[in-house]
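Subject: Structure handover

Hi,

Here is the structure I promised you. Please open it beside this note.

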Amino acid sequence: MLVFNVGICQLGVVADKQSNICKARSMIAEAADQGSRLVVLPEMFNCPYQSELFSQYAEIYPEGPTIAMLAECAEKHKVIVVGGSIPERDEVGNIYNTCFIFNEQGKLIGRHRKVHLFDVDIKGGTVFQESKTLVAGSSMTLVDTSLGKIGVAICYDVRFPELARTMVLQGAEILVYPGAFGPVTGPAHWELLMRARAVDNQVYVIGAAPALNAAAEYKSYGHSIIVDPWARVLALANEVETVITSKIDFRTLNRVREELPLLRHRKPEVYRV
Ligand SMILES: NC(=O)CCC(=O)C(=O)O
């Protein structure tokens with residue numbers, strides 16, 4: 001499909017898992033009512049973004065109320081749902097930061113386990129250690145959909161341009177990043193990184209964040225964003241709970257790649273370390 005709408009549900013995550021699920025359900029409906037064919041949720045949308053809580057909110061595929069809600073909403077509204085992320089427990093008890101992706105029939109078509117865990121200690125700023133409770137994923141996630149090929153990665157994964165480039169070289173036309181930047185790196189880097197991945201790779205980029213919850217321990221920067229292959233910002237939220245939408249038009253992607261053929265001008269033989 002050449003032209004269609006996409007939507008982001010920038011929901012305010014609270015401690016009550018059931019409330020988060022209900023909120024996601026109604027915001028997916030709202031995005032679908034506004035004409036979105038692809039709906040994206042934020043990182044860790046069913047639980048507060050705190051390492052010590054991930055185990056308590058985790059679900060094992062295909063069980064679990066969050067996973068069931070995503071599948072139901074995709075089928076009911078006939079949309080592709082990129083289900084942000086939730087803590088996922090595997091059969092041996094490891095927990096991952098995982099995005100489940102469902103097609104319009106409510107069928108699971110992809111699952112991305114965050115590859116780069118957010119372990120940082122920014123002096124005077126953010127201290128976070130996902131690896132205290134999470135295990136990293138080890139593969140790239142590209143899904144074939146009725147709208148085209150979509151690459152999915154999660155938040156801190158956006159800082160690794162090699163991942164984006166590899167997905168694009170394998171045909172991704174849209175890169176989707178559920179995320180949750182904080183108040184320190186958010187203003188400095190969130191929009192910059194989303195636009196950088198778009199201009200580097202001449203793709204659409206979608207970054208979906210939770211709304212700011214002033215009572216939460218980890219405060220999301222919000223600012224969900226949709227960027228086109230020329231790095232133009234098509235839609236940008238502030239920090240409050242909202243649904244944002246925009247049109248995606250693959251004729252723009254084709255024109256940008258034709259006029260400025262970056263991907264064809266690459267010289268990988270020069271870039272070896
Ligand atoms: N949830 C995350 O991965 C946060 C990443 C982040 O804030 C960053 O600056 O990178």
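First, the ground rules. This is a predicted model, so local features need pLDDT of at least 70 and side-chain atom pairs count only at pLDDT 80 or more, while totals for chains, interfaces and linings use all residues. Residues are numbered from 1 along each chain as its sequence is written, and side-chain values use heavy atoms, with hydrogens and water left out.

Polar contacts here are pairs of N or O atoms within 3.5 Å. A side-chain N or O atom of R159 is 2.6 Å from a ligand oxygen. For T185, a polar side-chain atom also lies 2.6 Å from an oxygen atom of the ligand. A polar backbone atom of Y156 is 3.2 Å from a ligand oxygen. Taken alone, the ligand exposes 300 Å², and the protein buries 99% of that (Shrake-Rupley method, 1.4 Å probe).

Next, W190. This residue is in helix α5, residues 185–201. W190 counts as buried because its relative accessibility is 1% (buried means under 20%, with a 1.4 Å probe and protein chains only). Its side chain reaches the backbone oxygen of H223 at 2.5 Å. The C-alpha atoms of W190 and K23 are separated by 24 Å, and the two residues are 167 residues apart along the chain.

Finally, one cluster. Y49, F54, F118, F128, Y156, F160 and Y218 form one aromatic cluster (rings pair if their centres lie within 6.5 Å).

Best wishes

Technical notes
Phe/Tyr/Trp six-rings, centres within 6.5 Å; stacked < 30°, edge-to-face > 60°. Helix = DSSP H or I, 4+ residues; strand = E, 2+ residues; numbered from the N terminus. Buried < 20%, exposed > 50% of the residue type's maximum accessible area, 1.4 Å probe, protein only. Polar contact = N/O pair within 3.5 Å; in protein donor to acceptor, adjacent residues only side chain to side chain.
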